[in-house]
Amino acid sequence: MSDVTPTGPLRPRPPLLDATDWLRIAALTTVGMGLRLLYFSGYGLGDDIVLRNFMNMIVSQGTVLHDNLAYRVTWWIPTAITCRLWGLRELPYLLPILVAATCSFAVVYAFGKTLYGRAGALVAGLLLLACPLDFAWSTMLTPDLQASLFSGLALFCVLRAAEQLLPYPRRRLLAWAAFTSWLAFHSKVACAPMAVPILYAFWRHRRMLTADLWAFFLPACVLFGGTVAVSYAFTGDVFAPYSSEISAQGLTGSVGVQFHRLTEFVFWAYVRWLFYRNQYGDFFYSVYPHLLVAFVVVAPFLRLRLRAPEVWVWMVVVFLAMQFNIQRTEGVWVAGFRNVRHTHIFLYPMILLLTGYLVALGRRWARLAAALVVGLVAFGLWQSASLATKTHVSFEDRRRAAHFLATLPKKTVYSDFQINTWRAIIPAEEIRQPFKELPSFNPPGQPNQRRPVLEQVTEGYLVTGGGREPWYGCIDCIPLEAEIPPGRWKLLKEFPEEGRPIAIWRPEPLKIWEYVGPGSSP
């Protein structure tokens with residue numbers, strides 16, 4: 001394309017975001033992150049001990065383990081830097097995730113403005129602010145947030161490139177698209193299907209982009225070629241990131257057959273999390289998926305047009321890739337472990353599609369659209385607070401227990417394994433004090449399995465009650481006050497904090513005891 005038109009030279013487009021936009025982004029980010037930090041959860045998910053051990057090997061020994069975390073450089077490189085600067089503690093582990101959560105407001109806002117104008121930008125930002133899953137998981141060790149962030153940035157850069165009139169800014173954006181695509185892949189292999197919506201965007205905007213696509217494919221070939229070369233050099237497998245994920249999920253051999261057989265319950269897990277209440281009565285995505293489906297059904301009748309085909313391709317392709325993460329091994333269909341945080345990759349396209357319909361509705365019925373947005377934000381914040389409370393309270397219980405135990409003289413600590421996994425985040429604490437894991441389950445109608453163990457104790461501390469990991473943790477493993485042999489233990493500390501709920505996931509307040517009684521019973 002020539003840089004000159006019959007009416008004069010082409011001029012670069014003005015910046016996408018002006019001062020008003022940046023003020024709105026600042027406000028959305030301040031409110032959004034402020035509320036998320038108010039319900040801060042932190043370290044405590046079931047996989048966090050694996051991430052902690054991986055990072056400990058890097059910082060203490062300079063060794064990168066060759067597992068399914070090794071290729072995720074967007075997580076471990078910045079985390080290694082923060083942990084070297086401030087130590088192997090909770091906040092340095094979480095800081096890169098908090099930064100990704102903070103940046104997401106600007107990316108979603110800018111994406112919304114690119115597609116639907118300033119109204120769309122504001123609606124998209126508000127929907128992100130009030131999305132329960134993002135609200136709750138933004139303050140936990142969730143690298144999935146980085147996968148969503150870089151995936152969104154890659155497609156955003158392509159669409160912005162298609163709007164540029166001059167070749168230099170167009171090529172620059174395409175190069176950024178290649179780089180952020182590579183970062184997305186190195187956040188999680190699940191981002192690989194993003195190639196489909198990006199290629200579709202190239203085809204749809206081929207008149208504008210074809211001459212400059214080398215600016216995308218050249219750096220992409222260099223970056224992904226480097227990934228292939230490094231993978232082969234260290235593992236002998238050019239597909240090492242994919243192979244390591246399949247292995248980590250247990251999708252091969254007898255392990256997959258034994259633990260990951262495909263069942264109807266497993267197959268519909270993602271759909272269930274999108275549309276149904278969870279086991280504690282909350283919606284992970286508010287009613288965003290329900291309203292999106294409703295808009296798809298009524299849009300033809302209301303003549304609502306949504307001009308975002310790339311986002312539809314993004315949503316559908318990523319969902320299908322996640323849904324059909326299924327393989328056949330030893331004659332059996334197996335499915336990878338499905339965790340609700342994995343669905344965060346659906347969040348950006350879902351918000352952008354719903355925003356498009358709300359903006360289209362607003363052009364015809366402004367008050368109705370405004371009322372819907374207000375209702376969505378209000379309901380979403382209510383669900384966000386309820387959802388985040390589970391981990392906010394439970395992780396704080398373990399945090400307080402671990403830090404209080406760290407102030408006590410060295411003795412054996414008795415409790416469930418989940419207390420010990422939190423102690424690991426305090427440098428040298430799990431080594432200083434021995435730990436004895438109590439039996440995990442007390443089957444209904446059977447003799448108590450923990451009490452006989454406690455009757456044999458001659459010294460030490462005991463942690464009862466409190467919350468653990470409410471989603472995939474072991475609630476039945478929590479020792480209870482009623483299981484303590486009478487007359488042998490003295491209460492040292494109780495955490496009956498006001499407003500801390502007693503519920504299925506937190507059966508009683510956290511208490512710490514010290515053994516003071518005689519020796520083992522006759």
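Modeller: Residues are numbered from 1 along each chain as its sequence is written, and side-chain values use heavy atoms, with hydrogens and water left out. As the model is predicted, local features need pLDDT of at least 70 and side-chain atom pairs count only at pLDDT 80 or more, while totals for chains, interfaces and linings use all residues.

Colleague: Why is Arg 36 called buried?

Modeller: Buried means under 20% relative accessible area, exposed over 50%, partly exposed in between (1.4 Å probe, protein chains only). Arg 36 has 0%, so it counts as buried.

Colleague: What does the side chain of Arg 36 reach at 2.9 Å?

Modeller: The backbone oxygen of Leu 128. Arg 36 is also in contact (heavy atoms within 4.5 Å) with residues including Phe 105, Asp 134 and Thr 139, leaving aside its neighbours within four places in sequence.

Colleague: How do you know that β7 and β9 pair?

Modeller: Two strands pair if DSSP finds at least two bridges between them. Four bridges join β7 (residues 461-464) to β9 (residues 510-515), and the two run antiparallel. Strands themselves are DSSP runs (E, at least two residues), and helices are too (H or I, at least four), numbered from the N terminus.

Colleague: In what order do the five strands of the open sheet come?

Modeller: They go β6-β5-β7-β9-β8, with mixed pairing.

Colleague: What makes β6 and β8 edge strands?

Modeller: β6 (435-437) and β8 (489-495) each have a single partner strand, so one side of each is left without a neighbour in the sheet.

Notes. A polar contact is a pair of N or O atoms within 3.5 Å; within protein, one must be able to donate a hydrogen and the other to accept it, and residues adjacent in sequence count only if both atoms are side-chain atoms.
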